Amino acid sequence: PTKASVETMAKYLGVDVEKEQQLMWIPQQAVMAPLLPNWSEHEDEQGEVYYYDEENNETTRSHPLDALFIQLLSIERQRKGKFNIVQLAHTGLDTGHVFMRLSRDDGKG
């Protein structure tokens, strides 16, 4: 996918391209997502894209997987800011120095 198409998808999904670079893999995957079986892409008389579900005889303006990517963004945003204390302790803070080594119950690292 092109950078422009990924950025367009990011805006559509509500990703801030400047502030949420760590989430840009999600719009990239959304751009590349294939249609599900029984779905097809069409254009109406105005040139607007819509999707048709042959199995249920339903149409929608949204890609059938858009809701999945929006949910994935929500999950990833909830994880943002959370850290693994063991990883933090072993790698240190922003200094790159080891803060402390944690041990298992048996005393081994």
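So, what percentage of the 109 residues of this protein count as buried? It's 23%, where buried means under 20% relative accessible area, exposed over 50%, and partly exposed in between, with a 1.4 Å probe and protein chains only.

Quick housekeeping. This is a predicted model, where local features need pLDDT of at least 70 and side-chain atom pairs count only at pLDDT 80 or more, while totals for chains, interfaces and linings use all residues. Residues are numbered from 1 along each chain as its sequence is written, and side-chain values use heavy atoms, with hydrogens and water left out.

Okay, the overall layout. We've got 4 helices and 3 strands, running α-α-β-β-β-α-α from the N terminus. Those are DSSP runs numbered from the N terminus: H or I with at least four residues for helices, E with at least two for strands.

Helix α1, residues 3-13, packs on helix α2, residues 25-32, at about 105°, with the axes 8 Å apart. The axes are lines fitted to C-alpha atoms, for helices over the stretch in contact, and angles go from 0 to 180 degrees between N-to-C directions. That makes α1 roughly perpendicular to α2; the word covers 65 to 115 degrees, with under 35 roughly parallel, over 145 roughly antiparallel and the rest oblique.

Who's touching whom? From α1 you have Ser-5, Val-6, Met-9, Ala-10 and Leu-13, and they meet Pro-27, Gln-28, Ala-30 and Val-31 of α2. Contact here is heavy atoms within 4.5 Å. By class, that contact has 7 nonpolar residues, 2 polar and no charged ones.

On to the sheet. The 3 strands make an open sheet ordered β1-β2-β3, with antiparallel pairing; strands pair if DSSP finds at least two bridges between them. At the edges sit β1 (39-43) and β3, each pairing on one side only. From one strand to the next, the twist averages 30°. Between β1 and β2, residues 49-53, there are 5 bridges, and His-42 has Tyr-50 in β2 as its bridge partner.

Last stop, His-63. Where does His-63 lie? In the loop between β3 (58-60) and α3 (66-79). And is His-63 buried or exposed? It counts as buried, because its relative accessibility is 14%. Leaving out residues up to four places away in sequence, His-63 touches Ala-33, Pro-34, Leu-35 and Tyr-51.

Terms used:
Nonpolar A, V, L, I, M, F, W, Y, C, P; charged D, E, K, R; others polar.
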